[in-house]
2 protein chains.
Amino acid sequence: MKRAGSIAAVRRTLAAWRRAGDSIAFVPTMGALHRGHLSLVERARRSADRVVVSIFVNPLQFGPHEDLTRYPRPIRRDRELLAAAGVNLLWEPGVKDLYGAGDCTRVRVEGLDHGLEGAVRPGHFTGVATVVAKLLNVVAPDELWLGQKDGQQARLLEQMVDDLKMPVVIRRGPTVREPDGVACSSRNAYLTPAERREAVALAHGLEEARSALEAGERRAARLIAQIRGIWKRYPRVREDYVAVVDAGSLEPVLKVERRVMIAVAARLGRTRLIDNFEWEPR
Amino acid sequence: MKRAGSIAAVRRTLAAWRRAGDSIAFVPTMGALHRGHLSLVERARRSADRVVVSIFVNPLQFGPHEDLTRYPRPIRRDRELLAAAGVNLLWEPGVKDLYGAGDCTRVRVEGLDHGLEGAVRPGHFTGVATVVAKLLNVVAPDELWLGQKDGQQARLLEQMVDDLKMPVVIRRGPTVREPDGVACSSRNAYLTPAERREAVALAHGLEEARSALEAGERRAARLIAQIRGIWKRYPRVREDYVAVVDAGSLEPVLKVERRVMIAVAARLGRTRLIDNFEWEPR
């Protein structure tokens, strides 16, 4: 596995692969890798000739009271995992590589950034869209791999790529879960043992909603009430939102008539967790 | 000269030229071409193997009370001029090619869009940056050619390209002028004969400021006063702004100590005209 820090080094390596006719898949991450990331890498590997992974804890997507400084950065372990997973190039840009002196350009996906995570984390998605635009302009991959766990992020970046006519195809990998159903997340590491036991509430609530959908329930209010009913059994879980939204527009729906995303966010102590699934009537 | 409308057609043509190893220079325009545009095309032709020009009157950069609908669109004449100038590909996208259903992504160059034109035309530069990002992602040129006449636009797009790590070099062509000094502009066509005679006020004022700079004047307030003094002789000229700004930050300066842009904007009847020059102490 090659490693690069500077933009120039990344471009040099990629130019050589391009000349050789290789297709490129790209998996941007903030490090603190878990099986969800590695599943994306595996899918990227099967799909393209070369896999590029970036590790960059992007300050622009953290709010002033969020966990930027305490975000886990186990870089040696991450490098070992990626090398073992067959990654061809690991890019570890510094903050100054991506945010030079005078940096002031921001990319906003205006229609999709105000609900769900956007409502709780103002400015978060401007940070995400801006940094991913930069990363894509450096790597210029054929495919960008994103995880369904961050469903709003994936939808928003699809729209950005489409709107800005970026020549890349976005592929989503399914959410990878722990044996008890909890979605893999770098932030799970923050949880105390008691919080970790209750973290299953998110997946448990979503499974209940999925069963109701399969049984014919179409009313969003009923699905939301069922998730909240499940969450009552988990006293440490404090709801941020429980939402049934159109999978394209991310606007709340009253009835499930087209493809939807059921998305939840909750706090356990100081930790925020999110989860979701998409579902479409047959 | 080839002509294309769809993004796919542009990409096909450019991919063939890229495979042949040709370098690409790109000149984005809103049509209604004048000698300023043709001078950019000529410079682009000397600098790269292939020249691509786009003609697109971008609705997103016009305010609700601006001249979008009456903006001149002499497309047959424009095509003839570009073919005669040796352009290799003319791209005439439709509004739906660049703004698809659900389009909601906006690019903002936040530090450079609030002064000068940005103060008079809110949202204008978001429209410019957004459309140029789209155009660049389709054409993927080696060089982007811009005119010094739109000096703030050129500076802002330089910053955007730098911040977003777009792999393109921006080149500026000097302002081309009519025999009496008036900067070539598509909007000159709006002027009545009486207004056209007074339009020389902008260039006349700037020349006075340049002479003062050459003679050693460094105080911005004095330079501004001199321009306004000249403009008193032109009763139809109504000032929008007269400014001495740092050429990099576009922030007003009190004294000329580094490279500056002296920028002016004025109205003549219903028409807004702008002009500027950059100057650096030796």
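Reply: Two residues are in contact if their C-beta atoms, placed from the backbone, lie within 7 Å. This is a predicted model: local features need pLDDT of at least 70, side-chain atom pairs count only at pLDDT 80 or more, and totals for chains, interfaces and linings use all residues. Residues are numbered from 1 along each chain as its sequence is written, while chains are lettered from A and ligands numbered from 1 in the order in which they are written.

Start with the contact itself. Chain A brings 25 residues to it, and chain B brings 25 residues. On the chain B side, β5 (105-109), α6 (124-139) and α7 (151-163) each supply at least two residues. Helices (H or I, at least four residues) and strands (E, at least two) are DSSP runs, numbered from the N terminus. β5(B) gives the most, with five residues. What classes of residue make up the side of chain B that touches chain A? There are 11 nonpolar, six polar and eight charged residues. Here Ala, Val, Leu, Ile, Met, Phe, Trp, Tyr, Cys and Pro count as nonpolar, Asp, Glu, Lys and Arg as charged, and the others, Gly among them, as polar.

Now look at the strands in this contact. Strand β5 of chain A (residues 105-109) is joined to β5(B) by five bridges, and the two run antiparallel. Strands pair if DSSP finds at least two bridges between them. One bridge links A:Arg106 to B:Arg108 in β5(B).

Next comes the symmetry. Two copies of a chain are related by a rotation about an axis and a shift along it.

Step away from the contact, into chain B. Six strands form an open sheet there, in the order β1-β4-β3-β2-β6-β7, with parallel pairing. At its edges stand β1 (2-4) and β7 (169-173), each with a single partner strand, so one side of each has no neighbour in the sheet. On average, neighbouring strands are turned by 25° against each other, direction ignored. Within the sheet, β2(B) (residues 24-29) and β6(B) (residues 143-147) run parallel and are joined by two bridges. B:Ala25 stands opposite B:Glu143 in β6(B). Helix α1 (residues 7-19) of chain B lies across β1, β2, β3 (50-55) and β4 (89-91), at about 140° to β1(B). Axes are lines fitted to C-alpha atoms, for helices over the stretch in contact, and angles run from 0 to 180 degrees between N-to-C directions.

Turn to chain A and its strand β3 (residues 50-55). Six of its six residues are buried, so β3(A) is largely enclosed by the rest of the structure. A residue is buried if 20 or more other C-beta atoms lie within 10 Å of its own, exposed if 12 or fewer, and partly exposed in between. Both faces of β3(A) are covered, with A:Arg50, A:Val52 and A:Ser54 buried on one side and A:Val51, A:Val53 and A:Ile55 buried on the other. β2(A) (residues 24-29) pairs with β3(A) in the parallel sense over six bridges. Among them is the bridge from A:Ala25 to A:Val51.

Chain A also has an open sheet of three strands. Its order is β8-β9-β10, with antiparallel pairing. β8 (237-246) and β10 (271-279) are the edge strands, each with a single partner, so one side of each is left without a neighbour in the sheet. The twist averages 15° from one strand to the next. Nine bridges pair β8(A) with β9(A) (residues 260-268) in the antiparallel sense. A:Val237 has A:Leu268 as its bridge partner in β9(A). Helix α9 (residues 200-214) of chain A packs on this sheet and touches β8, β9 and β10, at about 20° to the direction of β10(A).
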